[in-house]
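Dear colleague,

I am passing on to you the structure that we talked about, with its sequence, and below it you will find an account of what was found in it. Please have both open as you read.

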Amino acid sequence: MNKTRHDYIWNKKMKKHLEQDYELECISLYRNCYDYSPEEHYDKIMAFVTKAFIDRNRQLGIGERRHIVQVKMKFGFLTIYYDGGRDPYLDEIINTATKMAQQTKNKIDEQYGRGGWRHRTILSPNKS
């Protein structure tokens, strides 16, 4: 992932939701990220995840720090991958974010009628 994409994640996604002193650590957190594609509806959730990862990395040693390597929508659900092996604390953060994202998805589906299987009424050309 190049610097332009790092700047994109910070400037277009995280900057609105995190304090300025998180900028460098946010850019570092996503330095190995090769895909960041969630919709803007999930920005607050990703800010929560980003802050939790940064706080966790502050606790860990330099060689143990985790980086987010992919954030995407998979089958309509927010999916987050990180490197560096399993971490129960970060797994719980991701599980919480997944539940928050499911609530967001449900609201979006209600509001816009997107995602999932929906029953649709199909009118024939003869009926109005």
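A place to begin is the side chain of Tyr 34, which makes a polar contact with the side chain of Gln 70 at 3.1 Å; a polar contact here is a pair of N or O atoms within 3.5 Å, of which, within protein, one must be able to donate a hydrogen and the other to accept it, and residues adjacent in sequence count only if both atoms are side-chain atoms. Please keep in mind that this is a predicted model, in which local features need pLDDT of at least 70 and side-chain atom pairs count only at pLDDT 80 or more, while totals for chains, interfaces and linings use all residues. Residues are numbered from 1 along each chain as its sequence is written, and side-chain values use heavy atoms, with hydrogens and water left out.

Tyr 34 lies in the loop between α2 and β1 (35-36), where helices (H or I, at least four residues) and strands (E, at least two) are DSSP runs numbered from the N terminus. Tyr 34 has a relative accessible area of 53% and is therefore exposed, given that exposed means over 50%, buried under 20% and partly exposed in between, with a 1.4 Å probe and protein chains only. Although Tyr 34 and Val 71 are 37 residues apart in sequence, their C-alpha atoms are 8.7 Å apart in space.

Gln 70, for its part, has Tyr 81 in β3 as its bridge partner. The strands β2 and β3 pair in the antiparallel sense over 6 bridges, pairing being counted if DSSP finds at least two bridges between two strands. They form a hairpin with 2 residues between them, and Phe 75 in the turn has a positive phi of about 55°.

Leaving aside neighbours within four places in sequence, Met 46 is in contact (heavy atoms within 4.5 Å) with Met 14, Tyr 30, Tyr 36, Pro 38, Val 71, Leu 78 and Ile 80.

As for the whole chain, there are 4 helices and 3 strands, which follow the pattern α-α-β-α-β-β-α along the sequence, and buried residues make up 38% of its 128 residues.
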